[in-house]
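Please keep the structure open while going through them.

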Amino acid sequence: FTASTVDIDGRKFNRDKWTNVNPNILKYLNRNLHLKPGHPLCLLRENIISFMYKSFPNHAGNPIFSVFDRLNPIVTTKQNFDSLLIPQDHPSRTLSDCYYLNKDFILRGHTSSHQEELIASGLDSFVVMGDVYRRDEIDASHFPVFHQAEGVRLFAKHQLHDIDKEKVELFENGKRTPHKQEHHTELTSDKLQHELKTCLTKLVHHLFGNDVETRWTETYFPFTHPSFELEVKFQDKWLELLGCGVIEQQILYNAGVPDKVGWAFGLGLERIAMRLYEIPDIRLFWSNDSGFLSQFQGATPNQKITYKSVSQYPQCFNDVSFWLPEGGINSSDVYEIVRGVGGDIVEQVRLVDEFLHPKTKKRSQCFRIIYRHMERTLTQAEVGKVHERIKAQLAADLGVTLR
Ligand code: PHE
């Protein structure tokens, strides 16, 4: 029996064929780790805010950025996609990528969902921070809930260009090139990119120190052009920290500010906090264990802290093999069910084998589930029980035939 509505904090959402939220994901909704004093994500939030405040003062020395860190993570699909010009057939809209309450409401997949409404309300400079939800693979750096910080800054003509010295316009009726939008003059686009990159390079230096190596790569987002990613060198590997770009002018038209231009960025807080504090596993952020939390209690936002793991408990793994039903299955459904039944003791799920039976033409898959408790050693018997429940749930929900 499934109720006909999803009930959250007194609101009722009618279920439809889009509904794919489950109690396991909904229980994260009010955790607000980024607002929990002494939590590493809260320290990082405070650190980023103080950087933005300090870097962008007005004439009187007061910060120009407004901060929104309590916006409801339940947003409309309009906010999450349409307002950002994300095409109807874009992969980020699919059921295997996000959590739908129903056709019209979703757990936000990024903090960009709030861009248009905040711009339309008259704001020029703001930061949004909060929890975002994505169906994804399972490993030490992925969790279906994580946190983002979004920055948006708009400029009127006189704020971007020196109108006394330069004879320039914000806009032109030109061509879109890899470096600019059709409506922006070359100089407008150049200056926006320069302002954006300067702000973010300074932020990264503020967080990681001046010695950190950085590089820019070009990328694509439906809501910015040109678009970039900023990567930092970490233990000899390039790590992607954030996405950003020049806001698509159409978004500003739609928000009722056709006479301004702007930039936006979105960065992942866990990614940064894991490097800053040397936190080895993303699940630790959700721990209520004092062994974890006490290491950050009472710290100041820019204090250097290195997390020390209390001890390393052994991993334990079990495989599950099955024949796929006709039409196949979606591996995010497998991850979801494994996480739903196994909870936090599931560290990783990997597809380890796949084959096609030559005669029956049936396809078989084998997933390896790696279990590890963050705070104690799991017994094989205990893991065995959970594993059996996962197998039963996979068979019941996906129609696979266990082997
Ligand atoms: N919303 C994008 C993401 O989650 C990041 C982004 C924000 C990119 C703002 C450009 C501008 O990946």
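1. Domain bounds here come from an automatic or database domain assignment. For this protein, the assignment gives domain 1 (5–284) and domain 2 (316–402). The model is a predicted one, in which local features need pLDDT of at least 70, side-chain atom pairs count only at pLDDT 80 or more, and totals for chains, interfaces and linings use all residues. Residues are numbered from 1 along each chain as its sequence is written, and side-chain values use heavy atoms, with hydrogens and water left out.

2. How do the two domains sit relative to each other? Their centres, taken over C-alpha atoms, are separated by 34 Å. Across the boundary, 17 residues of domain 1 are in contact with 15 residues of domain 2, where contact means heavy atoms within 4.5 Å.

3. Some terms are needed for the elements. Helices (H or I, at least four residues) and strands (E, at least two) are DSSP runs, numbered from the N terminus. Two strands pair if DSSP finds at least two bridges between them. Strands of a sheet pair through backbone hydrogen bonds, either parallel or antiparallel.

4. β8 pairs with β9 (residues 224–234) in the antiparallel sense over 7 bridges, and W216 has L230 in β9 as its bridge partner.

5. For the angles, axes are lines fitted to C-alpha atoms, for helices over the stretch in contact, and values run from 0 to 180 degrees between N-to-C directions.

6. A second open sheet consists of 4 strands in the order β13-β14-β12-β15, and its pairing is antiparallel. Here β13 (346–356) and β15 (401–402) stand at the edges with a single partner strand each, so one side of each is left without a neighbour in the sheet. Strands β12 (residues 316–323) and β14 (residues 363–371) run antiparallel and are joined by 8 bridges; W323 has S364 in β14 as its bridge partner. Helix α10 lies across β12, β13 and β14, at about 140° to β13. Helix α11 (residues 380–398) packs on the sheet too, touching β12, β14 and β15, and its direction makes about 20° with that of β12.

7. On a 1 Å grid over the protein atoms alone, a cavity is a set of points where a 1.4 Å probe fits but cannot get out, and a pocket is an open set with protein on both sides within 12 Å along at least five of seven lines; lining residues have an atom within 4 Å of a point. Grid points are joined across faces, edges and corners, and a volume is the space filled by probe spheres set on the points. The structure holds 1 cavity of 30 Å³ or more, and the largest cavity has about 110 Å³ of space.

8. Which parts of the protein line the largest cavity? Its lining has 15 residues, and Y99, D136, P144, E336 and R339 lie nearest the centre. Domain 1 and domain 2 each give at least three residues to this lining. The largest share, 4 residues, comes from α10.

9. The largest pocket holds about 1,100 Å³ of space. It is lined by 46 residues, of which G109, R134, F146, Q148 and E240 are the closest to its centre. β10 gives the most to this lining, with 6 residues.

10. Two backbone details deserve a check. Most residues other than glycine have a negative phi, and most peptide bonds are trans. The bond from H225 to P226 is cis, with omega near -5°, and P226 lies in strand β9. N32 has a positive phi near 45° and lies in the loop between α1 and α2.
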